[in-house]
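Here are some short notes for your first look at this model. Keep the structure open as you read.

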Amino acid sequence: MPDYATIRALHLTCAALSIGGFVLRFGLMLRGSPLLAGRAARVLPHVIDTLLLASALVMVWKGGGMPGRDAWLNAKIAGLLLYIVLGTVALKRGRTQTQRVVAGLLAILVFAFIVSAAGLRSPLGFLAPVAG
């Protein structure tokens, strides 16, 4: 099994590819591009996000983290669920263009929160300085 640093590098790479791919697909959706229906746009995000989640689980296991015990990890998990919901509204489920745009922008903001919660190891993420 690869060491923690290698798994972390994979995780960070997948996180960058995940948000980059989301922003690209969001842009394609806004333009009404047929590329959004292509095989790569339908399959690649699932592969990347599966590797992202798997590497996260290995990091938690190797790093001794514990969902339920570590508040920052709970915040990341909650943020991930919200990111998924907002992403599906933005790319597929939104009934109006306005709903899709708002959901897409919120998804990007939630992703930034997830990254900040991990980086700061705080359940408040980038809101920590504001909260006190």
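1. Start with α3. This helix gives the largest share of a nonpolar patch, four residues. The model is a predicted one. The patch lies on the surface and is formed by L53, L57, I77, L80, L81 and I84. Together these residues have about 530 Å² of accessible area. Two elements, α2 and α3 (71-93), each give two or more residues to the patch.

2. Look at I84, one of the patch residues. I84 sits in helix α3. Is I84 buried or partly exposed? Its relative accessible area is 44%, so I84 counts as partly exposed. The cut-offs behind this are under 20% for buried and over 50% for exposed.

3. Now check the length of helix α2, residues 39-63. The helix has 25 residues, and at 1.5 Å a residue it should span 36 Å. The end C-alpha atoms of α2 are 36 Å apart, which agrees.

4. Helix α2 also has a buried side. Which residues of α2 are buried? They are A41, P45, I48, L52, S55, A56 and M59. The cover over these buried residues includes α1 (4-31). After α2 comes G64, with a positive phi near 80°.

5. Finish with S122. Where is S122? It is in the loop between α4 (97-120) and α5 (128-131). Its relative accessibility is 14%, so S122 counts as buried. Leaving out residues up to four places away in sequence, S122 touches W72, A117 and A128.

Methods. Residues are numbered from 1 along each chain as its sequence is written. This is a predicted model: local features need pLDDT of at least 70, side-chain atom pairs count only at pLDDT 80 or more; totals for chains, interfaces and linings use all residues. Side-chain values use heavy atoms; hydrogens and water are left out. Buried means under 20% relative accessible area, exposed over 50%, partly exposed in between (1.4 Å probe, protein chains only). Contact means heavy atoms within 4.5 Å. The expected span of a helix is 1.5 Å times one less than its number of residues. Patches are made of residues with over 30% relative accessible area and no salt bridge: like charges are joined within 9 Å, nonpolar side chains (Val, Leu, Ile, Met, Phe, Trp, Tyr) within 5 Å. Accessible areas come from the Shrake-Rupley method with a 1.4 Å probe; for residues, only the protein chains shown count as cover. A salt bridge is a side-chain nitrogen of Lys or Arg within 4 Å of a carboxyl oxygen of Asp or Glu.
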